[in-house]
Amino acid sequence: MEHWGFVGRADELTRITTVATGDSDRGLILSGSAGIGKSRLLHEAVAGLPEEHYAVHRASANIASSGLPFGGLAQILPTDPPAGLSPAGLLRWAVDGLHAESGDRPMVLAIDDAHLLDPPSAALTHLLVREGATLLGTLRTAEPVPSPISALWTEGLLSHAELDPLTDDESRLLLSALVRGPVEPGSAQRLIRLGGGNPLLLRELVLAALSGGELSETYGFWRWTGRLTLAPSLADLVGARIGGLTPGVRDVLEMVSFGEPVGLTLLMRAAAAADVEAAEERGLIRIVVDERRRDVRLAHPLYGEVVRRGCPVTRSRRLLAALADLVEGAGARRRDDLLRVAVWRLDSGTAQDGTLLLDAARQAFNRFDIDLARRLAAAARDAGAGWAAAELLATVLLFADCPEEALTVLGTDPDDSARRLTARAAVEFFGLGRAEAADTLAAAQPAHPAERARVRAFEAFIRLQLDELPAARSLARGVLEEPAAGIATRALARCVLAYLLAAGGDPDGSAELIAAVEADTADWRRDTPTLQYALQMAEGTRVSVALDLPAIDRILAAEFAHLAQAGGFGFGSGWVSLLQAQASLLRGRTGEALHATEQACASLAPARVYDGSAHFARANVAALRGESTIATESLATAEAAAGTAVSLYYPWQEQARAWTLVSQGEPAAAVRVVQRAVTRLRADHLHGQELLALYDLVRLGQPQLAAARLGELAPLVGGPATALVIRHAAAAAAESGEDLFAVAREFAVLGYQLFAAEAAAGAVRVFRTARDPRALAASTLMADVLSRCGALRTPALLAVQPALTVRERQVAELAAEGVRSREIADRLYLSPRTVENHLQRVYTKLGVNGRLELAPALRLLPQ
């Protein structure tokens, strides 16, 4: 943490540098709040100015020097001014001294906190700018500025700009730099919100979280518990920015701190207008206008943390109750009012309505705010909201990876109602991995058809997870044939069938069922929120098996992806990360893909049932990158964690095993693993996943083992990439360089850079073997594709990337640049004959015919 790297601010840095080195501007003054990064930006800008070209004079004004003549610029002025000079004479002496020190170089004044300059220093600065110096300075917003400095921009001598807070992306970069590693997205988002784009405050937040043990590293990702430790330095920093408050302004700030956003009209009812105006003028609150609404928010999120912690308990409870009264008195018309009022009532001790708390808990859960939903559901249960509250609380605890606590909430009494049975089965299976939950449901025989259908739908979903596909299919179909089945029950059965259709190769049929489920989201999420698991599994399988990149992108851009990663829903966050990993891998961005799988490992670490899934994905990506150690370690972790509860996902597990074997130098064993998976998938009628496994055989260099069966699957399997996959297999089996080249170009256009590179490599190999001049075009395509990819070490690519000795590489690179053999010999202290011998060996290894083909061939080799 002692090395605080500079991140972001690229546009601002460029602007300052342009002003300093150009002729059109005389300077730039940047204003901003304390800690926004003005000083660091100024330092970085002038540090890049070469001393031989520019005379840079750096000064930092401060309160201690603001009362001393020329105290603000004492750091850059000559020592010992002549005695007896008048103020004007001193000014002239200072100007002449700085010009003399600058010599012929343009003078650049870099003055930090120029608002603290004493009058003579401000006058000197003004005069220097008028005489040609360039001023780069910073000011603190809302502080009085010396007249000679403000006159510089009011008279048009230089520019004045406000420095904006860091963007979220810049704050994310700073976070990673502070902890020297990636930060889990949900944690990053919460820290960034609290930091409010202020680098200093963000740094203090991180320091406080680290020292308090609230920020820790898991699977290479830093995760924040959400508990804020207000270290003295952080509290003092924020307290200094708030400053002293009158009682009225304090009331305004406290009310906004507890209730933001607060409608301006409501705030004016609760506080004096003069106090609201004073709080806004001091920069403590801000008015946000959204169409006809005017809401009041804090100027910085950390103000609220400091104010709330400093507020006495009795006053905070009074304020919260008053806020609830205000909003309820206005009719609680806004979408968020129900949730806000419930939280205020709960925290003020005035919550008596269990129904209100339960509805609010459902609303929080719909946003995947797991912690808040947990609090509200527990309060609703305690307020007498009954079984519905207990069921919701158990579901929230399941989503929070606390299955034992969820079982305690559900109780141990032998109630055989359908809701209790299914709620308990969901926790036992998805939380604890107990396969016997399916048999418990199978043994239950509720009398009412609707309840019986509910139990059968849950049993179908668990049988699906256990890879008991015929039973799952039969049970789900039976549910849809039952007229009494409820909306949530039908939705769960549709998810089961949607999964089977997706894995079976019918993405369109799967999409229709998923669309029907999503159309009823409002109903089933209120009734059976655990159905979210089933929906994600069905939808993720549909887009993954179909290799549907555009559909994956749409999911990642949708609201659920944001909510899952921000709200503490580990399973959802891990699922999103795995989809990100697949999209990146298909695009050849293996570094991004590995990063995303590690993020999934961190998110799913507390989930005992699905922890292994992320490690299988990590092993697969690492193996494709040639990182055998990581692949082997992750595979071992995944296999140790895998149990019968996730046996449905054996295709992805077998794929990870196969590619890990490849990275270990055992391609024959990898082929046997894939063949075993193909046999099992064919027997299970999972033709979509069978096609992917067969394609792995093609990519492993065994197209003759897959091409015929892939042809049979052509009319059975849909998806945007299916036709190209089958054409790739046929071209590879036929050793058709022309067809491989065509397939590679089409893959590249559609964004499948991984497959494009491998198909192009196949074309290169065939063309080289035949000494076909089209090898040059294929090599160029492959090099272009690989330039957009991360590290890739697959058999198809390695086949056309033979190892050159260091000397062979040196000779080949010089020859590719057009250097003649005799000159190469002179540079490398070799004989011309030795150079020619090296070139001949290079031509043979690379399969090229001469120097003209060397450059694209060399681009194919790993650096």
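Predicted model: local features only at pLDDT ≥ 70, side-chain atom pairs only at ≥ 80, totals over all residues.
Me: What makes up the secondary structure of the protein, and what share of its residues count as buried?
Reply: The secondary structure comes to 46 helices and 10 strands, and of the 863 residues, 54% count as buried. Along the principal axes, the C-alpha atoms fill a box of roughly 105 × 95 × 45 Å.

Me: Why is H22 called roughly parallel to H24?
Reply: The axes of helix H22 (residues 449-465) and helix H24 (residues 487-504) cross at roughly 25° and come within 9 Å. Angles under 35 degrees count as roughly parallel, and therefore H22 is described as roughly parallel to H24. The crossing in which H22 passes H24 is left-handed.

Me: Which residues make the contact of H22 with H24, and how do they divide by class?
Reply: From H22 the contact draws on Ala453, Arg454, Ala457, Phe458, Ala460, Phe461 and Leu464, while H24 contributes Thr489, Leu492, Val496, Tyr499 and Leu500. These residues divide into 10 nonpolar, one polar and one charged.

Me: Which residues of H43 and H44 meet, and what are their classes?
Reply: Arg807, Gln810, Val811, Leu814 and Ala815 in H43 meet Ile824, Arg827 and Leu828 in H44. By class, this contact has five nonpolar, one polar and two charged residues.

Me: What makes Glu598 count as buried or exposed?
Reply: Glu598, which lies in helix H31 (residues 590-604), has a relative accessibility of 19%. Buried means under 20%, so Glu598 counts as buried.

Me: Why is the pairing of Glu598 with Arg618 called a polar contact?
Reply: The contact runs from the side chain of Glu598 to the side chain of Arg618 at 3.3 Å. A polar contact requires a pair of N or O atoms within 3.5 Å, one able to donate a hydrogen and the other to accept it, and the value of 3.3 Å therefore falls within that cut-off.

Me: How do you know whether Asp696 is buried or exposed, and which side chain does its own side chain contact?
Reply: Asp696, found in helix H36 (residues 687-699), has a relative accessibility of 5%, so it counts as buried by the limit of under 20%. The side chain of Asp696 makes a polar contact with the side chain of Gln655 at 3.1 Å. Leaving aside neighbours within four places in sequence, Asp696 is in contact with Gln655, Trp659 and Val674.

Me: What makes Phe747 count as buried or exposed, and which residues does it touch?
Reply: Phe747 is found in helix H39 (residues 737-750), and at 0% relative accessibility Phe747 counts as buried, the limit being under 20%. Not counting residues up to four places away in sequence, Phe747 touches Tyr695, Leu724, Val725, His728, Tyr752, Phe755 and Ala756. The C-alpha atoms of Phe747 and Ala759, which are 12 residues apart along the chain, are separated by 8.5 Å.

Definitions and conventions: Residues numbered from 1 in each chain as written. Heavy atoms only, no water. Contact = heavy atoms within 4.5 Å. Helix = DSSP H or I, 4+ residues; strand = E, 2+ residues; numbered from the N terminus. Nonpolar A, V, L, I, M, F, W, Y, C, P; charged D, E, K, R; others polar. Buried < 20%, exposed > 50% of the residue type's maximum accessible area, 1.4 Å probe, protein only. Axes fitted to C-alpha atoms, helices over the stretch in contact; angles between N-to-C directions. Parallel < 35°, antiparallel > 145°, perpendicular 65-115°, else oblique. Left-handed = near helix turned anticlockwise from the far one by under 90°.
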